[in-house]
Amino acid sequence: MSLLVTSNTPENLNSGYNQEGINKSYSYQNNLNDTFKIPANSEIAVQSVKINRSGNIDINEGNSIYSFYFGEEITDYVGKQRDVLSIPWSTSFAIDPEELFKGTGTDDVVLDGNLIQNFSGNVDNLARLMKASLNRALWHPMLMQNASTGRNAGASVTPLRNASGLDWLGWDIKVTNTDSSKNETNKSASWMGANYNGTDRGVDYTWDAGTSKLTCPSGNEKSCVGIDYPLSLANGSFSVTINASTSYHRIGLCRALQDEPPDWHDDDDGDDFYDYVVVIQDKGDIRVSFAGPDEQGETTMLDFDYGAVKNASDDNITKIHFNIQNERVKISLENGSGAVTVLCDGTSGTSASNVKPVGMTCRYLYPKIDLKAGNHIIIDQFNGVNIANHAYYGFTIADGQEIPTYTDYWAHVFLSDAAQNPNLNRALEQAEEIDTDFSRNISRINQVGLNANGQCDYKVSFFFAPDVRYWNTARCNSQFLMGFPNRSLVNVPHTTGGSSPYTLTFQSDSQPELKGTQSLFVRVKNMTFSSVNLAKGANSKILYHIPAFSNTGTRVGALFFEPNERVYLKLNNPSDLFLSTIEVDLVYADETLATDLQGKTTVVLHVRDA
């Protein structure tokens, strides 16, 4: 008789273990220094099993809805949502519109037209699902994953474990708010006319990357848009050098458009729609305007009175500068001697001295240019944010279908096919309210800028339960799933990075409940016994069924099993076997690997004469 002690690693795992390759907790291989002889006509059984099971969590529409918010905290009473420029976005950890992650559940339900699965998974699987969901709810260029992850790696959700790496404590949620030190000059190489500038007419402009020259083609009568990058809202600058001509042209910033401006704008010609624009008229006078609310409850291009009118020719204006600091828009003119005149900067306590602030509907601002045929400008600087998976319209085309990119709130609710989704009607109504009815767009004071770290001075906030002060939180029901019981608003991070990019980390208050719902089996792949798995209708190498409860009556955590009576299977070896390798798997009933195991696994096998 012999005992064969197997383990996924010979190391002591009190300090945790990084499972890779052939040493996973649920699938491992042991190699002997020498061959081991198993006598002829032997049989084998499991003597004992020691595992660490993280367990599963069930999620569905009843426990997975949350809202994400990036804006000012509302500390007063109900009705103050219109006093700020952000609103929460309500979604679910189980909503998976692009089927980025498949669960093990089979019962699908529909919530507001979105597919939700009754999903049961281990904490690592759920963390991946939650991460994907959170990155689809950020809606801000400074929070999104950057093409350079060193600038912003995007939001993440990972299991929070103790120092040993074995006991699961809840969730570790990270969100990075990119600061101004991460700005870089990214100038668009794609300057698109028709269907991008708000009209179905127009032609593309010519871009010379070597000289940063943008030239209007002959015969053109419409504007064009640089679609590759939105402008950084953390001290992002857009600067152009204009030519000596005083011919009419417009230089500005605009949200993404397609064929037409917003439905609530009073001008059907989207070519005239800009969120912010500097106009050099035919005789050289410089006018500034922006899309703001009028008395009829629509938006219109409002002229901004910056004082004594500047003339491009008479005042030798050579450069136009835009600078964005969160909500604040700074517009400046520079003459040939380098003297700069600031027309506005969003800091005035007088509404008329500010243009409108940057709100949730226009956080993604692109350069929009309108020149007379043959004219050109030089783009000196554009701090474009190089967002991973970004698309100007808010969706990409794959296999002839529009796939949302979940970056730009405005594009998602207005421009993409999502606008045809009746479940987003309320979101579209809220976008209109932000543009036309929110108080800071009407009285343009108290605009929020950057904090001391050069970040947009907003709070990253989660709602896991309803909060009557905020829109889109009434259905939030994930406080127990996320480990934040008995509170709705979570906006105080557990830690904040001490240096750029100042990543915020939120950690669960308490451990959500886990349960081990699926049976586990020991499979020894390279032994000569045989068994049958009728659940699969196939022969198998399963040797032992691990009970649902350990000897102490627990389902999850550190578990030990030792059968009172061992079940032996014949090895069917008429002659001696010489063993140099043992391959052990811990599997579910369908013989997929039991990935809810972690840490150290020990399986002891007993071999005896038949």
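Strands β2 and β3 (residues 27-38) pair in the antiparallel sense, over 2 bridges. This is a predicted model. A hairpin of 2 residues connects β2 to β3. K24 has S27 in β3 as its bridge partner.

The pairing continues from there. β3 also pairs with β39, again antiparallel, over 8 bridges. Q29 stands opposite E583 of β39. Strand β39 (residues 577-587) is joined in turn to strand β33 (residues 520-524) by 4 bridges, and these two run antiparallel. Here R523 faces D585 in β39. Put together, 5 strands make an open sheet in the order β2-β3-β39-β33-β36, with antiparallel pairing. β2 (23-24) and β36 (542-546) are the edge strands, each pairing on one side only. Strands of a sheet pair through backbone hydrogen bonds, in a parallel or an antiparallel sense.

Now turn to helix α3. The helix covers residues 425-437, 13 residues in all. From first C-alpha to last, α3 reaches 17 Å, close to the 18 Å expected at 1.5 Å a residue. Which residues of α3 are buried? They are A427, L428, Q430, A431, E433, I434, D435 and T436. The buried residues of α3 pack against strands β7 (89-92), β20 (286-293) and β21 (299-304). They also pack against helices α2 (409-415) and α4 (439-442).

Charged pairs come next. Side chains of opposite charge can pair when their charged atoms come close. The model has 28 salt bridges. One of them joins E72 to R440, with the closest N and O atoms 2.5 Å apart. This pair links distant parts of the chain: E72 sits in the loop between β6 (65-71) and β7, R440 in helix α4, and 368 residues separate them. R440 counts as buried because its relative accessibility is 8%, under the 20% cut-off. E72, at 22%, counts as partly exposed.

R82 and D437 also meet in a salt bridge, 2.8 Å from N to O. R82 lies in the loop between β6 and β7 and D437 in helix α3, so this pair ties together parts that are 355 residues apart in sequence. Both partners are partly exposed: R82 has 32% relative accessibility, and D437 has 36%.

A further salt bridge joins D509 and R487, at 2.9 Å from N to O. D509 is partly exposed at 47%, and R487 is partly exposed at 31%. Elsewhere, R82, R426, E429, E433 and D437 belong to one network, joined by salt bridges that share partners.

W191 is in strand β13 (residues 191-192). Is W191 buried or exposed? Its relative accessible area is 3%, so W191 is buried. The side chain of W191 reaches the backbone oxygen of S188 at 2.8 Å. N326 is found in the loop between β22 (317-325) and β23 (328-335). N326 counts as buried because its relative accessibility is 2%. The side chain of N326 reaches two backbone oxygens: that of V448 at 3.5 Å and that of G449 at 3.0 Å. Contacts of N326 beyond four places in sequence include L233, V358, C456 and Y458.

Conventions
Residues are numbered from 1 along each chain as its sequence is written. This is a predicted model: local features need pLDDT of at least 70, side-chain atom pairs count only at pLDDT 80 or more; totals for chains, interfaces and linings use all residues. Side-chain values use heavy atoms; hydrogens and water are left out. The expected span of a helix is 1.5 Å times one less than its number of residues. Buried means under 20% relative accessible area, exposed over 50%, partly exposed in between (1.4 Å probe, protein chains only). Contact means heavy atoms within 4.5 Å. A polar contact is a pair of N or O atoms within 3.5 Å; within protein, one must be able to donate a hydrogen and the other to accept it, and residues adjacent in sequence count only if both atoms are side-chain atoms. Two strands pair if DSSP finds at least two bridges between them. A salt bridge is a side-chain nitrogen of Lys or Arg within 4 Å of a carboxyl oxygen of Asp or Glu.
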